[in-house]
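Visitor: I am new to reading protein models, and I would like to be walked through one slowly. Could you show it to me before we talk?

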Amino acid sequence: MTILSVIVLGLIYPFVMTGLAQVMFPHQANGSLVTVNGQVVGSSIVGQLWTKPQYFHGRPSAAGKNGYDPTSTGGTNYGPSSKKLIDSTRATIAALKKENPNATVPIPMDLVTSSGSGIDPDISPQAAYYQAPRVAQARKMDVKAVDDLIARNTKGRTFGFLGEPRVNVLQLNLALDAARP
Amino acid sequence: MTAIGWLQAIIFFLVVLALTKPLGLYMTRVFSGERTWFSPVLVPVERFIYRLSGVNPDEEMPWYGYAFCVLAFSLVSLVYLYVLLRTQKWLPLNPQHFDNMTPDLAWNTAVSFMTNTNWQFYSGESTMSYLSQMAGLAWHNFVSAAAGIAVALAVIRGVIRTSGKTLGNFWVDLTRASLYILLPASIAVGLFLVSQGVPQNFAAYQTIHTLEGTAQTITGGPIGSQEIIKELGTNGGGFVNANSASPNENPSPLTNFIEMLLILVIGAALTYVYGRMAKNTKQGWALFSAMSILFFVGFTVVYAAEAAGNPLVHQLGVAGANLEGKETRFGAAASALFATVTTDTSCGAVNAAHDSFMALGGLVPIVNMQLGEIVFGGVGSGLYGMIIFVVLTVFIAGLMVGRTPELLGKKIERREVQFAILAALVTPILVLVPTAVAAVTPAGLATLNNAGPHGFSEILYAFTSTNANNGSAFAGLSPNLFYNIATGLNMLFGRFLIIVPALALAGTLAGKKAVAEGAGTFTTYSPVFVALLIGVIVIVGALTFLPADALGPVVEHLLVNQGKTF
């Protein structure tokens, strides 16, 4: 019984599923990769580390040494009373204020907290608007034009009630590059 | 809290409610051996499996025979997974060339999956070959869930049968649960998950360069086929360390909604199966109502705590809900709902870091597991756990009014109560004793991620979760030899010290004559009974743990509000 079930459920089933998935949804099955001029620049579902001022940045990440390492996913696992949590949050806030001196909206919560996966591909719309003046200045763009890009790349709640509104950072940065390389 | 957050929870509940009857009807047909949709394809497969493995499908087993088969099958599957994990280096489908697992971690992982716990001390993306994932972990996801459903079926039969002493055939129940319920749903919904972005491939990880020129490794694997059964079988062991928080397992709010549904739906449907088989669907709906009330109480507390946010962070000048350890696409509401669902059942998948929940937000998952995960519950284990509480409730109610307690017309006597009490005592002993031991030994304290009361909560959560076969974690606690062995033993005892008394209880009930319902009968489907049942669950289940829960989450809650950190 054990051997038979391993063959049916452990081998045939995943092989059939992979075959069907590769035929029906090859793009998603292979990791939703995004290409620019034939070069793979990332996956639309996996967040990346962004540091340059002309790009929008994602959230703090606890995945791997530098963050955003898909081979080492996870959060900080700091509890609400953790001194390390409060200290690192304070440092993150200070760094954000230094990088974004001209921000016009308050710092949103998602920009100072690490995600559960460490590879969160999204930020809240407010987190994008917060960074817009910095990005606009680095690219010598109008803040209004950057805000428009954010609005166009904002995804609402699914069916109006599932999840939260969000902006995919890679998608937004690609749109930026397309608007003003 | 927002109206939209609540709307999400309410619509979710309504969908579960709507699915309970149709799925329950279908499952009743499957386990009564009646024809279903899939029969033309699956009956020949089923017969072939019985012939090849020498099972006589018409042979019925007494409770001890049934229990023996459960134990024997579990032992074989435990050894199989252990060997697979210890030899994966030499086996195919290992493009990352991961090494064999260490003995203590392999033991912990093998027990974890065999008992349907899926406690994650391993990190899938950096330790598991694709073969270990699909033929080891995902396979266990199917069969440990099917074994749970089988036991629930046997217990139901014991409660309703009035002649004979048998409870059904374990091999038939196991095969039917896998083939007719878990497999078709996995194929259909698994492909849907892939269409939403969950990867499904055998490719090696690839390195890409971002627009900024930074290198990043993109992982892959047969994730979709494993993700679906991880939820449907209330297993919860992630393909990757971050589990359903990872966009590779759970890429969108829609997949999140579907995954939560998968976790709850079989447990909910089993209440209908129970009512249907007892020839009184009100019996099933009474259990469903009690479960629903506990579900909403739990969700309300978690959601309120998470939406209110962390006052210590607010003091730094940033307002909003607690998003530490949560994904942007889910936010506070969907994370609170997932945490409630995954601990109401024995699933233990997580879409956010429970360790970083607010103190009271993290308290609810702990309490849910301490109650025995009977709120819809794990596939099978929820229902047989709930039936144990039902037996206790009719007994206590009978004592209160001085009447012989009855369940479905059968007298509840000394032996039944003894078995029920035995099962009810297992949880507190196996949670509190090891927690106390870990809290005073260097090995138990060595790998905590947090100090102060939250560190204690990490230990309490670990033993609560492994004993309840949940598998979610305050994941800051890292594995060491002590925890690998102790939590491994805890999972074993937690599963089988409930299963065996539950089957024994069913066995003694199976032979009893049922007397017709009369004017003096205390009905087990009235609102009064539902209220009593909830009372017994809370008193028996929760009060034992109150001191421990107070030392961890409650103390932390009070201290955070006073601005204290550790």
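Guide: The domain assignment of chain A gives domain 1 (1-30) and domain 2 (31-179), where domain bounds come from an automatic or database domain assignment. This is a predicted model, in which local features need pLDDT of at least 70 and side-chain atom pairs count only at pLDDT 80 or more, while totals for chains, interfaces and linings use all residues. Residues are numbered from 1 along each chain as its sequence is written, chains are lettered from A and ligands numbered from 1 in the order in which they are written, and side-chain values use heavy atoms, with hydrogens and water left out.

Visitor: What distance separates the centres of domain 1 and domain 2 of chain A?

Guide: The two centres are taken over C-alpha atoms. Between domain 1 of chain A and domain 2 of chain A, the separation of these centres is 35 Å.

Visitor: In what order do the elements of chain A run from the N terminus on?

Guide: Helices (H or I, at least four residues) and strands (E, at least two) are DSSP runs, numbered from the N terminus. Chain A has six helices and five strands, and their order is α-α-β-β-α-β-α-α-β-β-α.

Visitor: Is A:Asn37 buried or exposed?

Guide: A:Asn37 lies in the loop between strand S1 (33-36) and strand S2 (39-43) of chain A, and has a positive phi of about 50° although it is not a glycine. Most residues other than glycine have a negative phi. Buried means under 20% relative accessible area, exposed over 50%, and partly exposed in between, with a 1.4 Å probe and protein chains only. Because its relative accessibility is 78%, A:Asn37 counts as exposed.

Visitor: Which loop holds A:Phe159, and does it count as buried or exposed?

Guide: A:Phe159 also has a positive phi, of about 55°, although it is not a glycine. Its loop is the one between strand S4 (154-155) and strand S5 (166-168) of chain A. With a relative accessibility of 61%, A:Phe159 counts as exposed.

Visitor: How many residues of chain A and chain B take part in the contact, and which residues form the salt bridge?

Guide: Contact means heavy atoms within 4.5 Å, and by that rule 88 residues come from chain A and 99 residues from chain B. A salt bridge is a side-chain nitrogen of Lys or Arg within 4 Å of a carboxyl oxygen of Asp or Glu, and the count between the two chains is one. Its closest N and O atoms are 3.9 Å apart, and the residues are B:Arg329 and A:Asp120.

Visitor: How much area do chain A and chain B bury between them?

Guide: The size of an interface is often given as the accessible area lost when the parts come together. Buried area is the accessible area (1.4 Å probe) that two parts lose on being put together, summed over both. Of the area here, 66% is on carbon and sulfur atoms, and chain A and chain B bury about 7600 Å² between them.

Visitor: Why is helix H14 of chain B described as largely enclosed?

Guide: The expected span of a helix is 1.5 Å times one less than its number of residues, so the 21 residues of helix H14 (residues 381-401) of chain B should span 30 Å, which agrees with end C-alpha atoms 31 Å apart. H14(B) is largely enclosed by the rest of the structure because, of its 21 residues, the number buried is 16.
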